[in-house]
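Trainee: Before we discuss any feature, could you show me the sequence and the model together, please?

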Amino acid sequence: MTLRVVIAEDAALFRAGLTRLIEDHGHRVCAAVGDGDALLAAVAEHRPDVVVADIRMPPTHTDEGLRAALEIRRRCPGTGVLMLSQYIETRYTVRLLEGNAAGAGYLLKERVADVAEFLGALQRVAAGGTALDPEVVGHLMRAGRRADSLAALTAREREVLTLMAEGRSNAGIADALVVTGGTVEKHVASIFDKLGLPPDEGDNRRVLAVLRHLGS
(Lines give C-alpha, C1' and ligand atoms only; values in the text may rest on other atoms or scores of the structure.)
Protein backbone atom coordinates (compact mmCIF):
# COMPACT_ATOMS: atom_id res chain seq x y z
CA MET A 1 0.00 0.00 0.00
CA THR A 2 1.26 3.45 -0.91
CA LEU A 3 1.32 5.66 2.17
CA ARG A 4 0.75 9.40 2.23
CA VAL A 5 3.35 10.88 4.59
CA VAL A 6 4.05 14.26 6.19
CA ILE A 7 7.56 14.83 7.56
CA ALA A 8 8.50 17.37 10.26
CA GLU A 9 12.24 17.77 10.87
CA ASP A 10 14.17 21.02 11.33
CA ALA A 11 17.53 19.65 10.05
CA ALA A 12 17.28 20.23 6.30
CA LEU A 13 19.68 17.46 5.26
CA PHE A 14 18.00 14.84 7.43
CA ARG A 15 14.59 16.00 6.24
CA ALA A 16 15.68 15.66 2.61
CA GLY A 17 17.15 12.23 3.31
CA LEU A 18 13.94 11.01 4.92
CA THR A 19 11.93 12.30 1.98
CA ARG A 20 14.15 10.53 -0.53
CA LEU A 21 14.15 7.28 1.46
CA ILE A 22 10.37 7.17 1.82
CA GLU A 23 9.65 8.11 -1.79
CA ASP A 24 12.25 5.67 -3.14
CA HIS A 25 10.24 2.90 -1.52
CA GLY A 26 6.97 3.76 -3.22
CA HIS A 27 5.33 6.11 -0.75
CA ARG A 28 4.30 9.73 -1.24
CA VAL A 29 5.62 12.58 0.89
CA CYS A 30 2.86 15.20 0.81
CA ALA A 31 4.84 17.82 2.75
CA ALA A 32 8.20 18.14 4.52
CA VAL A 33 8.31 20.98 7.07
CA GLY A 34 10.61 22.28 9.79
CA ASP A 35 8.50 23.15 12.86
CA GLY A 36 5.44 22.15 14.85
CA ASP A 37 3.08 24.82 13.56
CA ALA A 38 3.89 23.95 9.96
CA LEU A 39 3.33 20.28 10.81
CA LEU A 40 -0.18 20.95 12.12
CA ALA A 41 -0.99 23.00 9.03
CA ALA A 42 0.34 20.30 6.69
CA VAL A 43 -1.68 17.58 8.40
CA ALA A 44 -4.84 19.68 8.20
CA GLU A 45 -4.25 20.28 4.49
CA HIS A 46 -3.12 16.82 3.34
CA ARG A 47 -4.70 14.38 5.85
CA PRO A 48 -1.80 11.92 5.58
CA ASP A 49 -1.81 8.26 6.61
CA VAL A 50 1.19 8.82 8.86
CA VAL A 51 3.38 11.61 10.22
CA VAL A 52 7.13 11.28 10.81
CA ALA A 53 8.28 14.00 13.21
CA ASP A 54 11.27 14.95 15.32
CA ILE A 55 10.42 15.42 19.00
CA ARG A 56 12.65 18.49 19.39
CA MET A 57 12.00 21.33 16.97
CA PRO A 58 12.11 25.16 16.90
CA PRO A 59 11.79 27.50 18.61
CA THR A 60 12.94 25.97 21.93
CA HIS A 61 14.08 22.55 20.67
CA THR A 62 12.43 20.78 23.62
CA ASP A 63 9.13 19.03 22.92
CA GLU A 64 7.46 21.08 20.15
CA GLY A 65 7.27 18.06 17.86
CA LEU A 66 5.75 15.89 20.55
CA ARG A 67 3.14 18.50 21.46
CA ALA A 68 2.19 18.82 17.79
CA ALA A 69 1.94 15.02 17.56
CA LEU A 70 -0.35 14.85 20.58
CA GLU A 71 -2.56 17.49 19.01
CA ILE A 72 -2.65 15.49 15.76
CA ARG A 73 -3.68 12.38 17.68
CA ARG A 74 -6.49 14.40 19.25
CA ARG A 75 -7.70 16.02 16.03
CA CYS A 76 -7.02 13.17 13.58
CA PRO A 77 -7.08 9.87 15.48
CA GLY A 78 -6.81 7.93 12.22
CA THR A 79 -3.41 9.45 11.40
CA GLY A 80 -0.41 7.45 12.56
CA VAL A 81 2.39 9.30 14.35
CA LEU A 82 5.99 8.06 14.26
CA MET A 83 8.27 10.19 16.44
CA LEU A 84 12.04 10.35 15.99
CA SER A 85 14.57 11.37 18.62
CA GLN A 86 18.33 11.54 18.94
CA TYR A 87 18.07 10.50 22.58
CA ILE A 88 16.28 7.91 24.72
CA GLU A 89 13.57 9.91 26.48
CA THR A 90 11.17 7.49 28.12
CA ARG A 91 8.95 10.24 29.55
CA TYR A 92 8.08 11.23 25.99
CA THR A 93 7.25 7.60 25.19
CA VAL A 94 4.77 7.57 28.06
CA ARG A 95 3.16 10.84 26.94
CA LEU A 96 2.84 9.63 23.36
CA LEU A 97 1.26 6.30 24.27
CA GLU A 98 -0.73 7.39 27.30
CA GLY A 99 -4.17 5.83 27.14
CA ASN A 100 -3.82 4.59 23.56
CA ALA A 101 -0.91 2.90 21.80
CA ALA A 102 -2.72 2.54 18.47
CA GLY A 103 -1.02 4.25 15.54
CA ALA A 104 1.96 5.53 17.53
CA GLY A 105 5.69 4.93 17.34
CA TYR A 106 8.95 6.17 18.83
CA LEU A 107 12.32 5.45 17.20
CA LEU A 108 15.83 6.71 17.69
CA LYS A 109 17.08 8.57 14.61
CA GLU A 110 19.91 6.10 14.15
CA ARG A 111 17.28 3.43 13.44
CA VAL A 112 16.51 5.10 10.10
CA ALA A 113 19.81 3.67 8.82
CA ASP A 114 18.19 0.22 9.03
CA VAL A 115 15.89 0.85 6.09
CA ALA A 116 13.83 -2.33 6.43
CA GLU A 117 13.23 -1.74 10.15
CA PHE A 118 12.31 1.91 9.64
CA LEU A 119 9.91 1.19 6.78
CA GLY A 120 8.37 -1.68 8.74
CA ALA A 121 7.76 0.66 11.68
CA LEU A 122 6.28 3.30 9.34
CA GLN A 123 3.86 0.81 7.83
CA ARG A 124 2.93 -0.68 11.20
CA VAL A 125 2.11 2.73 12.68
CA ALA A 126 0.15 3.80 9.59
CA ALA A 127 -1.93 0.61 9.92
CA GLY A 128 -2.82 1.44 13.54
CA GLY A 129 -0.08 -0.61 15.20
CA THR A 130 2.72 0.38 17.54
CA ALA A 131 6.46 0.66 16.96
CA LEU A 132 8.91 1.29 19.79
CA ASP A 133 12.67 1.44 19.49
CA PRO A 134 14.42 -1.62 20.96
CA GLU A 135 16.80 0.67 22.88
CA VAL A 136 13.86 2.45 24.52
CA VAL A 137 12.27 -0.86 25.47
CA GLY A 138 15.59 -2.11 26.83
CA HIS A 139 15.98 1.04 28.92
CA LEU A 140 12.51 0.56 30.39
CA MET A 141 13.27 -3.06 31.22
CA ARG A 142 16.56 -2.17 32.92
CA ALA A 143 15.01 0.71 34.84
CA GLY A 144 11.80 -1.10 35.83
CA ARG A 145 11.26 -1.42 39.56
CA ARG A 146 9.68 -4.86 39.34
CA ALA A 147 12.96 -6.70 38.90
CA ASP A 148 11.60 -9.58 40.97
CA SER A 149 8.93 -10.50 38.43
CA LEU A 150 11.21 -9.88 35.46
CA ALA A 151 13.76 -12.20 37.04
CA ALA A 152 11.18 -14.98 36.90
CA LEU A 153 11.17 -14.86 33.09
CA THR A 154 13.27 -17.27 31.07
CA ALA A 155 15.78 -15.93 28.54
CA ARG A 156 13.39 -16.73 25.69
CA GLU A 157 10.48 -15.05 27.49
CA ARG A 158 12.59 -11.91 27.87
CA GLU A 159 13.19 -11.92 24.12
CA VAL A 160 9.47 -12.29 23.50
CA LEU A 161 8.67 -9.54 26.03
CA THR A 162 11.10 -7.16 24.32
CA LEU A 163 9.54 -7.76 20.90
CA MET A 164 6.05 -7.52 22.39
CA ALA A 165 6.87 -4.14 23.95
CA GLU A 166 8.22 -2.92 20.60
CA GLY A 167 4.70 -3.40 19.25
CA ARG A 168 5.18 -6.60 17.26
CA SER A 169 2.30 -9.03 16.81
CA ASN A 170 2.61 -12.72 17.66
CA ALA A 171 3.22 -13.42 13.97
CA GLY A 172 5.96 -10.78 13.86
CA ILE A 173 7.58 -12.22 16.98
CA ALA A 174 7.45 -15.72 15.48
CA ASP A 175 9.19 -14.47 12.32
CA ALA A 176 11.87 -12.64 14.30
CA LEU A 177 12.66 -15.62 16.51
CA VAL A 178 12.10 -18.27 13.81
CA VAL A 179 9.56 -20.21 15.89
CA THR A 180 5.93 -21.20 15.40
CA GLY A 181 2.99 -18.98 16.27
CA GLY A 182 1.84 -21.54 18.82
CA THR A 183 5.18 -21.36 20.60
CA VAL A 184 4.91 -17.57 20.81
CA GLU A 185 1.38 -17.82 22.21
CA LYS A 186 2.61 -20.09 24.98
CA HIS A 187 5.45 -17.71 25.84
CA VAL A 188 3.10 -14.71 25.86
CA ALA A 189 0.65 -16.50 28.16
CA SER A 190 3.49 -17.40 30.52
CA ILE A 191 4.80 -13.81 30.50
CA PHE A 192 1.40 -12.35 31.37
CA ASP A 193 1.01 -14.90 34.14
CA LYS A 194 4.42 -14.17 35.68
CA LEU A 195 3.99 -10.38 35.40
CA GLY A 196 0.46 -10.48 36.79
CA LEU A 197 -1.06 -8.87 33.68
CA PRO A 198 -4.40 -9.89 32.19
CA PRO A 199 -4.05 -11.31 28.65
CA ASP A 200 -5.68 -9.32 25.87
CA GLU A 201 -6.32 -10.00 22.20
CA GLY A 202 -5.47 -6.47 21.07
CA ASP A 203 -1.79 -5.91 20.22
CA ASN A 204 -1.88 -2.22 21.15
CA ARG A 205 -3.55 -2.81 24.52
CA ARG A 206 -0.95 -5.50 25.11
CA VAL A 207 1.84 -2.97 24.52
CA LEU A 208 0.26 -0.56 27.00
CA ALA A 209 -0.01 -3.29 29.64
CA VAL A 210 3.64 -4.24 29.24
CA LEU A 211 4.85 -0.63 29.32
CA ARG A 212 2.81 0.18 32.40
CA HIS A 213 4.32 -2.78 34.13
CA LEU A 214 7.89 -1.91 33.13
CA GLY A 215 7.46 1.72 34.08
CA SER A 216 5.77 1.08 37.43
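Trainee: Which residues of α2 are buried?

Mentor: A word on the source comes before the reply: this is a predicted model, in which local features need pLDDT of at least 70 and side-chain atom pairs count only at pLDDT 80 or more, whereas totals for chains, interfaces and linings use all residues. Residues are numbered from 1 along each chain as its sequence is written, and side-chain values use heavy atoms, with hydrogens and water left out. Helices (H or I, at least four residues) and strands (E, at least two) are DSSP runs numbered from the N terminus, and buried means under 20% relative accessible area, exposed over 50%, and partly exposed in between, with a 1.4 Å probe and protein chains only. In α2, which covers residues 36-46, the buried residues are Gly-36, Leu-39, Leu-40, Ala-42, Val-43 and His-46. They cover an arc of only 165 degrees around the axis, which puts them on the same side of α2; the arc is that of the directions from the helix axis to the C-beta atoms.

Trainee: Why do residues three or four places apart in an α-helix point the same way?

Mentor: The general idea is that an α-helix has 3.6 residues a turn, so residues at that spacing point the same way. In this model, the face of α2 turned away from its buried side carries the exposed residues Asp-37 and Glu-45.

Trainee: What do the buried residues of α2 pack against?

Mentor: Contact means heavy atoms within 4.5 Å, and the buried residues of α2 pack against β1 (4-8), β2 (28-33), β3 and α3. One view from the strand side is given by Ala-31, which lies in β2 and is buried, with a relative accessible area of 15%. Leaving aside neighbours within four places in sequence, Ala-31 is in contact with Val-5, Val-6, Ile-7, Ala-42 and His-46.

Trainee: Which residues of α4 are buried, and which are exposed on its other side?

Mentor: In α4 (residues 90-97), Tyr-92, Thr-93, Leu-96 and Leu-97 are buried. They cover an arc of only 120 degrees around the axis, which puts them on the same side of α4, while Arg-91 and Val-94 are exposed on the other side. After α4 comes Gly-99, whose phi is positive, near 85 degrees.

Trainee: Where is Ala-102 found, and what is it in contact with?

Mentor: Ala-102 is found in the loop between α4 and β5 (104-108), and at 26% relative accessibility it counts as partly exposed. Leaving aside neighbours within four places in sequence, the contacts of Ala-102 are Arg-73, Gly-128, Gly-129, Thr-130 and Asn-204.

Trainee: Is Ala-165 buried or exposed?

Mentor: Ala-165, in helix α8 (residues 155-165), counts as buried at 0% relative accessibility. Not counting residues up to four places away in sequence, Ala-165 touches Leu-132, Val-137, Val-207 and Val-210. Ala-165 and Leu-211 are 46 residues apart in sequence and 6.7 Å apart in space, C-alpha to C-alpha.

Trainee: How many helices and strands does the protein chain have, and what radius of gyration?

Mentor: The protein chain has eleven helices and six strands. With 216 residues, a compact globule would have a radius of gyration near 17 Å, and the chain has 17 Å, which agrees; that radius is taken over C-alpha atoms, and the globule rule is 2.2 Å times the number of residues to the power 0.38. Buried residues make up 50% of the 216 residues, and residues 24 or more positions apart account for 67% of the contacts with a separation of 6 or more.
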